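This report describes the domains, ligand surroundings, nonpolar core and selected backbone features of one structure.

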Amino acid sequence: MSRDFCNKCGECCRRIAVDFENRLIFFDGIQPLTQEFEQLLTPVDKTNNITFCSCNYLKGKLCTNKNKPQVCINYPSSPFAYLPEGCGFYGETFSKLEKVKQQVRKLKEEILHYETMMVQDKSVQKIIDHHKAIINKYKLYGSDDW
Ligand code: SF4
Ligand code: SF4
């Protein structure tokens, strides 16, 4: 993945949203909170069930962790990455997200097409189920409304 868009502002490591109760991080998409990642974090404030944390390895604007977790190495690879304001990856991530949304919309159109055919055919049902499974993969990110 290209890292060219990073302007080294350090903001993505300053305020990481964490749901400790459900052990989730809102970082490179919604991901499980691992123990490895948890030990990097210092809570700074809390809104409802989300705690915003800064990383102990952030010094000024720079990461000083020579053994950073894979999730940090990958970030922001996901179309669902949570980007702070001013992040240089905003344009690229927006365009990745639009592609996923388009794919989901196309699957929904196909489902509608198959359902209106009113064909009681197992192979058609299999296609519909397959499409629905893909759409459901993105449910957490709001795919029902795309
Ligand atoms: S917020 Fe974006 S631009 Fe800033 S350091 Fe993180 S990845 Fe780079
Ligand atoms: S280890 Fe480095 S890249 Fe990962 S959250 Fe901490 S400061 Fe950011």
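## Exposure and the residue K8

A residue counts as buried if 20 or more other C-beta atoms lie within 10 Å of its own, as exposed if 12 or fewer do, and as partly exposed in between. The structure discussed here is a predicted model. K8 has 11 other C-beta atoms within 10 Å and is therefore exposed.

K8 is found in the segment before strand 1. Although K8 is not a glycine, its phi is positive, at about 60°. K8 is also among the residues that surround ligand 1.

## Domain division

The chain is divided into two parts, domain 1 (11-88) and domain 2 (94-145). The centres of domain 1 and domain 2, taken over C-alpha atoms, are separated by 31 Å.

## Surroundings of the ligands

Ligand 1 is surrounded by C6, N7, K8, C9, G10, E11, C12, P76, P84, C87, G88 and F89. By residue class, this shell around ligand 1 consists of seven nonpolar, three polar and two charged residues. One of its members, P76, lies in the loop between helix 2 and helix 3. The peptide bond that joins Y75 and P76 is cis, with omega about -5°.

Around ligand 2 are C13, L40, C55, Y57, L58, C63, N65, K68 and C72. The shell of ligand 2 divides into seven nonpolar residues, one polar residue and one charged residue.

## The nonpolar core

Which residues form the largest nonpolar core? This core has twelve residues, namely C12, C13, I16, V18, I25, F27, F37, C53, C55, Y75, F80 and A81. Two or more residues of this core come from each of strand 1 (16-19), strand 2 (24-27) and strand 5 (50-55).

## Exposed and partly exposed positions

E85 is located in the loop between helix 2 (70-74) and helix 3 (90-117). With 7 other C-beta atoms within 10 Å, E85 is exposed. E85 and E11 are 74 residues apart in sequence, while their C-alpha atoms are 8.2 Å apart in space.

Q35 belongs to helix 1 (residues 35-38) and is exposed, with 7 other C-beta atoms within 10 Å. The C-alpha atoms of Q35 and R23 are separated by 9.6 Å, and the two residues are twelve apart along the chain. R23 lies in the loop between strand 1 and strand 2. R23 has 13 C-beta neighbours inside 10 Å and so counts as partly exposed. Its backbone shows a positive phi of about 50°, although R23 is not a glycine.

## Helix 4

Helix 4 (residues 122-137) contains 16 residues. From its first C-alpha to its last, helix 4 reaches 23 Å, close to the 22 Å expected at 1.5 Å a residue.

How many of the 16 residues of helix 4 are buried? The number is zero, so helix 4 lies largely in the open.

How values were computed
Residues are numbered from 1 along each chain as its sequence is written. Chains are lettered from A and ligands numbered from 1 in the order in which they are written. This is a predicted model: local features need pLDDT of at least 70, side-chain atom pairs count only at pLDDT 80 or more; totals for chains, interfaces and linings use all residues. A residue is near a molecule or strand if its C-beta atom, placed from the backbone, lies within 6 Å of it. Ala, Val, Leu, Ile, Met, Phe, Trp, Tyr, Cys and Pro count as nonpolar, Asp, Glu, Lys and Arg as charged, and the others, Gly among them, as polar. Helices (H or I, at least four residues) and strands (E, at least two) are DSSP runs, numbered from the N terminus. Domain bounds come from an automatic or database domain assignment. A nonpolar core is a set of buried Ala, Val, Leu, Ile, Met, Phe, Trp, Tyr and Cys residues joined through C-beta atoms within 7 Å. The expected span of a helix is 1.5 Å times one less than its number of residues.
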